[in-house]
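Here is a friendly walk through one protein chain, going from a single residue out to the chain as a whole. Please have a look at the sequence and structure first.

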Amino acid sequence: MMNLRKLWLAALALCVTAGVVSADPIRTLFTKENKFPGAMSWELFLAGGGSSLDDDSVAEDADTYFVAPGARFGLTDRVAIWAAAPFAGFSAGDLDEQGLGDAQAGLEFLFFEDIFEYAWIVPHVTGIFPTGDEDDGLGTGEMQGRVGISIGTTVNDVVHFALDVSYTSNGAAPEDEFSDDRDELLAGALSIVWDLDERASLIGEVQLRDDPINDQEDDYAFRGHAGLAYKVNRNVSVMLYGGGASGLAQDVYGQGRLVYSF
């Protein structure tokens, strides 16, 4: 009887420990999820996207795009580091520039998660390096640092909410390459992920930022998109997003990400 009780307790402890980490990749763009690769495990990803620009300083038909290979590695079950090096492009009329964009690297820490994974807190930091040519519209030309925190919970097992607040020093996000007159950026974002089944999820995200470009009379700028995530198998996941912005050089945008976890 004692051996049976010990086996039951060991199995329960194993289930609780396994529940701390999900090997699924993060599905959102503006917030973090409580999804980590696991200790000494990898995620390789290929991200890409494009946007049209609506700004007085560029032609009406200006566009940007990027393709960014990267990797995410679990140092422990609760700590992950990641890096991405984008190839970027900028076109406006007869101008067509291509080259290395601003590389990024970051760290994410699962500070808290309850036993059922319903409530969680993830602080995160990101370094953005001026590897892209600012004169060609491929980067910001400034070293940037971002710190943030995501807080989330789950309702009815299938609807996931997350709120993220972040502060970026020495500029705004890399895609806003025409915003060189700002020294800092404060942003808040809300994401909702609805799991349709074990493979498919719908995503909605909005972000409010204090860096409007097109209308200087406004105090804030806005970005928002809808998307979907699909887990092809235990190793491969695909995400797609499409949305628009107000108060930014960026007008409409689309992005995608392919992730291989192992």
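Leaving out residues up to four places away in sequence, Asp 164 touches Phe 30, Thr 31, Lys 32, His 124, Ile 149, Ser 150, Ala 187, Gly 188 and Ala 189. The model you are looking at is a predicted one. Asp 164 sits in strand 10, which covers residues 159–169. Is Asp 164 buried or exposed? With a relative accessible area of 3%, Asp 164 counts as buried, because the cut-off for a buried residue is under 20%.

The side chain of Asp 164 forms a polar contact of 2.7 Å with the side chain of His 124, and another of 2.5 Å with the side chain of Ser 150.

Next come two threonines. Thr 131 is placed in the loop between strand 8 and strand 9, and Thr 140 is found in the loop between these strands, 119–128 and 144–155. Thr 140 is buried, with a relative accessible area of 11%, whereas Thr 131 is partly exposed at 36%.

What does Thr 131 contact beyond its neighbours within four places in sequence? The residues are Leu 100, Gly 101, Asp 102 and Ala 103. Gln 104 is 27 residues from Thr 131 along the chain, with a C-alpha separation of 9.5 Å.

| Side chain | Backbone oxygen | Distance |
|---|---|---|
| Thr 131 | Gly 101 | 2.4 Å |
| Thr 140 | Glu 142 | 3.2 Å |

Now to the second largest pocket, which holds about 170 Å³ of space. Its lining is made up of Ala 23, Asp 24, Pro 37, Ser 41, Lys 231, Arg 234, Asn 235, Ser 261 and Phe 262. By type, the lining residues split into three nonpolar, three polar and three charged.

Finally, the whole chain. One helix and 15 strands are present, and 44% of the 262 residues are buried. Of the contacts between residues at least 6 apart in sequence, 55% link residues at least 24 apart. The accessible surface amounts to about 13,300 Å², with 62% of that belonging to carbon and sulfur atoms.

Definitions and conventions
Residues numbered from 1 in each chain as written. Predicted model: local features only at pLDDT ≥ 70, side-chain atom pairs only at ≥ 80, totals over all residues. Heavy atoms only, no water. 1 Å grid on protein atoms, 1.4 Å probe; cavity = no way out; pocket = protein on both sides within 12 Å on 5 of 7 lines; lining within 4 Å. Points joined across faces, edges and corners; volume = space filled by probe spheres on them. Nonpolar A, V, L, I, M, F, W, Y, C, P; charged D, E, K, R; others polar. Helix = DSSP H or I, 4+ residues; strand = E, 2+ residues; numbered from the N terminus. Buried < 20%, exposed > 50% of the residue type's maximum accessible area, 1.4 Å probe, protein only. Polar contact = N/O pair within 3.5 Å; in protein donor to acceptor, adjacent residues only side chain to side chain. Contact = heavy atoms within 4.5 Å. Areas by Shrake-Rupley, 256 points an atom, 1.4 Å probe, with all protein chains shown as cover.
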